[in-house]
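The entries follow the order in which I looked things up.

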Amino acid sequence: MGTERVKKVCIVGASGKLGQYMVRHALERGYEVVGVCRERSVPKLAAFEGRMTVVPGPTNDPEVIRRAVAGCDGVLTVLVPWGVRQYASGTAQAVLDHARPGARLVFSCGWHITRDGKDRYSWSFRAAVRIAARVAKLLRYVEIDDQVEACRRVFASDTRWTVVRGSSLEEGESQGLPVWSRHVGDPVLAGNLTRRVDFALFMVEALTDDTLVREAPAIVGRLTPGALAHAGEAGGRS
Ligand SMILES: NC(=O)c1ccc[n+]([C@@H]2O[C@H](COP(=O)([O-])OP(=O)(O)OC[C@H]3O[C@@H](n4cnc5c(N)ncnc54)[C@H](OP(=O)(O)O)[C@@H]3O)[C@@H](O)[C@H]2O)c1
């Protein structure tokens, strides 16, 4: 399918901060929107009542995902490492298994995910991820390894996927489409900050950008110093 023909999209993890921004961008583009979120989080989508369909349930439940993605041309999935029940890998697997062949699949994660091992992380970034992973696992709150496993499965799949790797995030008005690079450590990404609303914009734009199929772009805000210094380079990519 040509991605210019995207009409109906599913947003998995629609009730979170990133998810709600994606719902807004998708509705603005005139897409029919189906959202999946935990039952208790449905009220967070009240602002969109009547403009989207909500399928309540755990996002790692294959049956919930099968119903939600039916007939969708694109699926936007928020991969989160919360909990210690393989939530992220279960969610990714359900989407990979049930989205229709040829659908555009766009997943979110952070810079700590590496596709080819060629990312160059600062020692402080590595230390922060290592400490966060250990503390979180001890507290049985976050399972960063499972987000890694989720992305490994996406990278290995023969679907039309994109894994968008977010920098540190902040709230605020949109600054426009973030710029991206294949590898963390590239100078364009030095600012390490993206507005969450623009992370969502990048995810939704990726649905119709075939150059991002089977890419894992690491993104950064277009007004960060590194991005401004590299402005003008082809496609905004370093
Ligand atoms: N936060 C950052 O600084 C940062 C940096 C880089 C990349 N990212 C990436 O950005 C994406 C969005 O992250 P975010 O931090 O901005 O969060 P977010 O958009 O608010 O999303 C959090 C999601 O996690 C779900 N969730 C929360 N607790 C849960 C639990 N115990 N079990 C199952 N699901 C649970 C929420 O669902 P409910 O609405 O049902 O609670 C919501 O869908 C993720 O892919 C993340 O890896 C984040």
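Entry 1. Before reading any crossing angle, I noted that axes are lines fitted to C-alpha atoms, for helices over the stretch in contact, with angles running from 0 to 180 degrees between N-to-C directions. I also noted that the model is a predicted one.

Entry 2. I looked up helix 2 (residues 62–69) against helix 3 and found that their axes come within 9 Å, crossing at roughly 45°. Angles under 35 degrees count as roughly parallel and 65 to 115 as roughly perpendicular; helix 2 and helix 3 are therefore oblique to each other. The crossing of helix 2 past helix 3 is right-handed. From helix 2, I listed Pro62, Ile65, Arg66 and Val69 in the contact; from helix 3, Ala94, Val95, Asp97 and His98. I sorted the residues of this contact of helix 2 with helix 3 into five nonpolar, one polar and two charged.

Entry 3. I then asked at what angle the axes of helix 3 and helix 5 cross. Helix 3 (residues 87–98) and helix 5 (residues 144–156) have axes that come within 7 Å and cross at roughly 20°. That makes helix 3 roughly parallel to helix 5. I recorded a right-handed crossing for helix 3 passing helix 5. Helix 3 brings Tyr87, Ala88, Ser89, Thr91, Ala92, Gln93 and Leu96 to the contact, and helix 5 brings Asp146, Gln147, Glu149, Ala150, Arg153 and Val154. The residues of the contact of helix 3 with helix 5 comprise six nonpolar, four polar and three charged.

Entry 4. I checked the length of helix 4 (residues 123–138). Its 16 residues reach 23 Å from first C-alpha to last, close to the 22 Å expected at 1.5 Å a residue. I counted zero buried residues among the 16 of helix 4, so it lies largely in the open.

Entry 5. I turned to Val106, which belongs to strand 5 (residues 104–110). Is Val106 buried or exposed? I class Val106 as buried, because 25 C-beta neighbours lie inside 10 Å and the cut-off for burial is 20 or more. Leaving out residues up to four places away in sequence, Val106 touches Gly74, Leu76, Thr162, Val164, Met203, Ala206 and Leu207. Of these contacts I followed up Val164: it is 58 residues from Val106 in sequence, and the two C-alpha atoms are 7.2 Å apart in space.

Entry 6. I next looked up Val23, a residue of helix 1 (residues 17–28). Val23 has 26 C-beta neighbours inside 10 Å and counts as buried. Not counting residues up to four places away in sequence, Val23 touches Ile11, Ala14, Val33, Gly35, Phe48 and Met52. Val23 and Leu228 are 205 residues apart in sequence and 28 Å apart in space, C-alpha to C-alpha.

Entry 7. Asn192 has a positive phi, near 45°. I placed Asn192 in the loop between strand 8 (179–181) and strand 9 (194–195). Asn192 is partly exposed, with 16 other C-beta atoms within 10 Å. Phi of Arg214 is also positive, near 60°. Arg214 lies in the loop that joins helix 6 (196–206) and strand 10 (218–220). I counted 14 C-beta neighbours inside 10 Å for Arg214, so Arg214 is partly exposed.

Definitions and conventions
Residues are numbered from 1 along each chain as its sequence is written. This is a predicted model: local features need pLDDT of at least 70, side-chain atom pairs count only at pLDDT 80 or more; totals for chains, interfaces and linings use all residues. Helices (H or I, at least four residues) and strands (E, at least two) are DSSP runs, numbered from the N terminus. Angles under 35 degrees count as roughly parallel, over 145 as roughly antiparallel, 65 to 115 as roughly perpendicular and the rest as oblique. A crossing is left-handed if the near helix is turned anticlockwise from the far one by less than a right angle, and right-handed if clockwise. Two residues are in contact if their C-beta atoms, placed from the backbone, lie within 7 Å. Ala, Val, Leu, Ile, Met, Phe, Trp, Tyr, Cys and Pro count as nonpolar, Asp, Glu, Lys and Arg as charged, and the others, Gly among them, as polar. The expected span of a helix is 1.5 Å times one less than its number of residues. A residue is buried if 20 or more other C-beta atoms lie within 10 Å of its own, exposed if 12 or fewer, and partly exposed in between; C-beta atoms are placed from the backbone.
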